[in-house]
Amino acid sequence: MKVRTTEYFIREAFSSLRHNGLMSIASVSTVALSLLILGMFLIMVLNLNHMASTLESQVQISVYLQDNLKDQEIREVGTRITKIPGVVQVTFVDKDQALARFKQRLGEQQGLLAVLGDTNPLPNAFEVKVDKPERVKPAAQAVAQLKGVENARFGQEIIEQLFTLTKMVRLIGLALIVFLALAALFIISNTIRITVFARRKEIGIMKYVGATDAFIRWPFLIEGMILGFSGAVIAVVLLIEAYTLLTGQIYQKLVFLPLIPKYPFLTYVSILLIVAGTVIGALGSTISLKRFMKV
Amino acid sequence: MIHMAGVSKIYSNGSVALSDISVAIDKGDFVFIVGPSGAGKSTFIKLLFREELPTSGELYVNGRNVAELEPSEVPYLRRGLGIVFQDFRLLPNKTVYENVAFAMEVIESPRREIQKRVHHVLDLVGLRHKARNYPGHLSGGEQQRVAIARAIVNNPTVVIADEPTGNLDPDTSWEIMKIFERINKAGTTMVMATHDKMVVDGMKRRVIAIEQGRIARDQEGGQYGYES
Ligand SMILES: Nc1ncnc2c1ncn2[C@@H]1O[C@H](COP(=O)(O)OP(=O)(O)O)[C@@H](O)[C@H]1O
Ligand SMILES: [Mg+2]
């Protein structure tokens, strides 16, 4: 395509964007809103997935020991645990180590522990890792049977709940996204229809003098793409701001929550949204041209 | 150049606009299509630039089989034709120059050639001095001359016109005909639908009369032949 022709297309597209003022703003806003919600769900689903799999990969059984065991007895429990099928690693954590780690995880909030004074409520424990996630449950049950073991815990339930939640959010998100994408498509094709209508005389003349359909279509396609792209950019800016704010808050208050780090995660989400917006724009104008101009 | 054999056109509402039309128009011919209102003149013109498709029959224009033309080929058929309408169809927000240049821009002609050609055709219709005016500031005759300039700017082999003098007074009509005559002398085929008796009788050219969709008369140097 010739440079001058491209210039012509872009000039025409911008001139009708200006001409359509209010409709253009409405289209951009709808696209922005749709993509904002799409982006929010995307970020939520991906983060929930990330959390679930982070937790899953960390699944280990915490084996809490009874309080009055002798060192010899503790060692025996350790040896028996090693013999349980699937167990690959057994680490002893004495009660002082456990307290120190807990303090570290609390970070800025470790002042909370002052109420404890000099006492240490944490028991001696083993941390047991198994080779496969599905072995966690039987192994934990076996460990719990051992003499000297108070109880054995693992995070399976939380993980299963997280996965269920992810599925639900994904489903709701999908329905909402489809609905909003259709709304965006509808309003963009309407905006373009107004442009097409305002220019029907021009389009008619173009056809009589032998302009190709592709040539006639381009300015409208560009107009639609600009609408979709602008909406996407607004959505992306808002999302990045919101995610920055949110991660900042969460890192401060909820130390244990494993969120996906901002970059490159947000870069991928942004690219996806901008491509989606532009495609919706192009599609919207194609629909209008096909239906109302037959070009 | 233009070849029709057994062409019929029945619109989707069942109205028969043309039936069994056979005609040949050679390069450089000047032909009037005449007939009473509703006879099928406009339909005849529309078939030539494939605004409408024939229901049956054979139709060739500039060597292209118009009846079986791919939609993607239509623009290239039209680039070989110049089309003039009764209502001028100029763009009100473009100047005279821009209106004519538009026809070249949209088929992606080089800029330098556009300037040269537009000035040339504006000279030919005697409107170079109005190049910067807007159509709204021109008389009807002047507007039609701009439309003619636009129709010929891409060097078509055939100019087709549907009632081009229908909105003009007799003197102005005659000026327009002189311009068409000049274009035809330069080798361009002219096909013009009209029910303007004065114009047809004055020009003494080939006349094809259509009545109720059929050819009633095809005569060199003919007369209009109806009371208009
Ligand atoms: N788009 C159309 N749909 C249905 N009927 C049409 C259409 N255009 C023209 N006709 C009919 O076809 C016949 C010929 O019309 P037309 O070619 O416009 O005649 P003319 O130009 O000689 O007045 C008329 O009966 C008219 O009503
Ligand atoms: Mg007519």
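1. **A starting residue.** A:Met44 lies in helix α2 (residues 21-57) of chain A. Helices here are DSSP runs of H or I with at least four residues, strands are E runs of at least two, and both are numbered from the N terminus. A:Met44 is partly exposed, with a relative accessible area of 40%. The scale is simple: buried means under 20% relative accessible area, exposed over 50%, and partly exposed in between, with a 1.4 Å probe and protein chains only. A:Val196 is 152 residues away along the chain, and the two C-alpha atoms are separated by 39 Å.

2. **How to read the model.** This is a predicted model, in which local features need pLDDT of at least 70 and side-chain atom pairs count only at pLDDT 80 or more, while totals for chains, interfaces and linings use all residues. Residues are numbered from 1 along each chain as its sequence is written, chains are lettered from A and ligands numbered from 1 in the order in which they are written, and side-chain values use heavy atoms, with hydrogens and water left out.

3. **Confidence.** pLDDT is the predictor's confidence in each residue, from 0 to 100. Chain B has a mean of 95, with 99% of its residues at 70 or more. Chain A averages 82, and 94% of the residues score at least 70. Where in chain A is confidence lowest, and where highest? The lowest mean is 78, in α1(A), and the highest is 89, in α7(A). For the complex, the predictor gives an ipTM of 0.89 and a pTM of 0.72. Where pLDDT is low, the predicted coordinates should not be read in detail.

4. **Nonpolar cores.** A nonpolar core is a set of buried Ala, Val, Leu, Ile, Met, Phe, Trp, Tyr and Cys residues joined through side-chain atoms within 4.5 Å. The largest has 97 residues, and B:Phe32, B:Val106, B:Leu122 and B:Phe180 touch the most other members. A second, separate core of 31 residues includes B:Leu69, B:Leu81, B:Ile83 and B:Phe85.

5. What does B:Leu122 contact, leaving aside its neighbours within four places in sequence? The partners are B:Val96, B:Tyr97, B:Val100, B:Leu127, B:Arg128, B:Ala131 and B:Ala149. Contact means heavy atoms within 4.5 Å.

6. The structure holds three cavities of 30 Å³ or more. On a 1 Å grid over the protein atoms alone, a cavity is a set of points where a 1.4 Å probe fits but cannot get out; lining residues have an atom within 4 Å of a point. Grid points are joined across faces, edges and corners, and a volume is the space filled by probe spheres set on the points. The largest cavity has a volume of about 120 Å³. Of its 13 lining residues, A:Tyr208, A:Val209, B:Ile83, B:Arg150 and B:Ala151 are the closest to its centre. β6(B) gives the most to this lining, with four residues.

7. **The second largest cavity.** This one holds about 60 Å³ of space. Its lining includes A:Tyr8, A:Glu12, A:Glu202 and A:Phe220. α1 (3-19), α7 and α8 (213-253) of chain A each give two or more residues.

8. **Helix α7 of chain A.** A:Glu202, A:Ile203, A:Gly204, A:Ile205, A:Met206 and A:Tyr208 are buried in this helix. A:Gly210 follows α7(A), and its phi is positive, near 95°.

9. **The second largest pocket.** A pocket is an open set of grid points with protein on both sides within 12 Å along at least five of seven lines. Of its 29 lining residues, the closest to its centre are A:Tyr8, A:Glu12, B:Lys94, B:Phe102 and B:Glu105. α1(A) gives the most to this lining, with nine residues.

10. **Backbone points to check.** A cis peptide bond joins A:Tyr263 and A:Pro264, with omega about 5°. A:Pro264 lies in helix α9 (residues 262-293) of chain A. B:Arg89 is a residue other than glycine with positive phi, near 55°. B:Arg89 sits in the loop between β6 and α3 of chain B and is partly exposed, at 25% relative accessibility. B:Lys204 also has a positive phi, near 55°. B:Lys204 lies in the loop between α7 (197-203) and β9 (206-211) of chain B. Is B:Lys204 buried or exposed? B:Lys204 is exposed, with a relative accessible area of 54%.
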